[in-house]
Amino acid sequence: MITVGSIFLPDTPNSILARGNTEKAREMLKKIRGTDNVDEEFQDLIDATHAAMRVDGQWSTILKPEYRPHLAICFLVPFFQQFTGINVIMFYAPVLFKTLGFGDDASLMSAVITGLVNVFATFISILAVDRLGRRALFLEGGIQMIVSQVLVAVMIAKAFGSAGVGVMSKADSLLVLILICFYVAAFAWSWGPLGWLVPSEICPLEIRSAGQAINVAVNMAFTFIIGQFFLTMLCHMKFGLFLFFACWVVVMTLFIYFFLPETKNVPIEEMNNVWRKHWFWGQYIPDDAVIGTASSTKIKDMEA
């Protein structure tokens, strides 16, 4: 599916510009925006491309103070994404449900159900992300995951206690399955897709490859770590494991609230305007940072 999809995936105007085909890049921008009135934004893209070409070494550049917001987001968002605990559910769902008292067939079916919830809830994000914004989905999804995880922990503690010995009734098992689906749905329309989207749309051209490399590497590294230690953690922490991940979701939800500005409708080349106005990140953005004409107008329109 990925290979077939790549056949239909167009090059971005930035990528075309970087290869020196100006007119083709302009036509692609017109196609993406659905209008011929792209002169100001296209000039912003040209200016950003020229600025990126003057930069020597993306890795040394991304470590500079003025790129501190980008570095922090590209590291912390994928880190937090894994500490939602989602891969615990997706990797070990049959083991988890069997531990809770489901039979073999019921455990596998429950895993299939959570997988389907994950797929279909992702479409909600696709439809809502450009209407509601990134922050709204992050915050709502975080709160929903916290509530779900705490309630699952309470249900498991009630049935098995701290010793991990006991029996869960069919009604309680069904309720746990519903709560886990509620949790998976929240992840699927928030931290799931947005954990990849937000880091990809905040980095300017001069550090974009390095930022994406950090994003993917951190994500894969902590996917491996969580996957390796989950069973041991489940055996030792029992119901406390869900409280452990719920605490992490509290931390990451607060991080989003205080440190992630809204990026809806803001072109990558104009993110400096957003960072500069932020109460914390603004201290890292120099006064001579490039401000694009097209985006300045868009930001003023959004503020109005």
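The largest pocket of this predicted model has a volume of about 800 Å³. Here a pocket is an open set of points on a 1 Å grid over the protein atoms alone, where a 1.4 Å probe fits, with protein on both sides within 12 Å along at least five of seven lines. Grid points are joined across faces, edges and corners, and the volume is the space filled by probe spheres set on the points. The lining, meaning residues with an atom within 4 Å of a point, comprises 24 residues, of which Thr12, Ile32, Arg33, Glu201 and Ile268 are the closest to the centre of the pocket. By class, ten lining residues are nonpolar, five polar and nine charged; Ala, Val, Leu, Ile, Met, Phe, Trp, Tyr, Cys and Pro count as nonpolar, Asp, Glu, Lys and Arg as charged, and the others, Gly among them, as polar. At least two lining residues each come from α2 (13-18), α3 (22-33), α4 (39-53) and α11 (191-200), and α3 gives the largest share, with three.

Residues are numbered from 1 along each chain as its sequence is written. Local features need pLDDT of at least 70 and side-chain atom pairs count only at pLDDT 80 or more, while totals for chains, interfaces and linings use all residues, and side-chain values use heavy atoms, with hydrogens and water left out.

Turning to the whole chain, the secondary structure comes to 15 helices and zero strands, taken as DSSP runs (H or I, at least four residues, for helices; E, at least two, for strands) numbered from the N terminus. The C-alpha atoms fill a box of roughly 65 × 40 × 40 Å along the principal axes. Of the 304 residues, 47% are buried, that is, under 20% relative accessible area with a 1.4 Å probe and protein chains only. Among contacts (heavy atoms within 4.5 Å) with a separation of 6 or more, 73% link residues 24 or more positions apart.

Helix α10 (residues 170-188) has 19 residues and reaches 27 Å from its first C-alpha to its last, close to the 27 Å expected at 1.5 Å a residue; the expected span is 1.5 Å times one less than the number of residues. Buried residues of α10 include Ser173, Leu177, Cys181 and Phe187. Their cover includes α6 (68-82), α7 (86-99), α8 (104-132), α9 (134-160) and α11.

Finally, threonine 61 lies in helix α5 (residues 58-62). Threonine 61 is buried, with a relative accessible area of 4%, and touches Val55, Asp56, Tyr67 and Ile207, not counting residues up to four places away in sequence.

Note on methods:
Buried means under 20% relative accessible area, exposed over 50%, partly exposed in between (1.4 Å probe, protein chains only).
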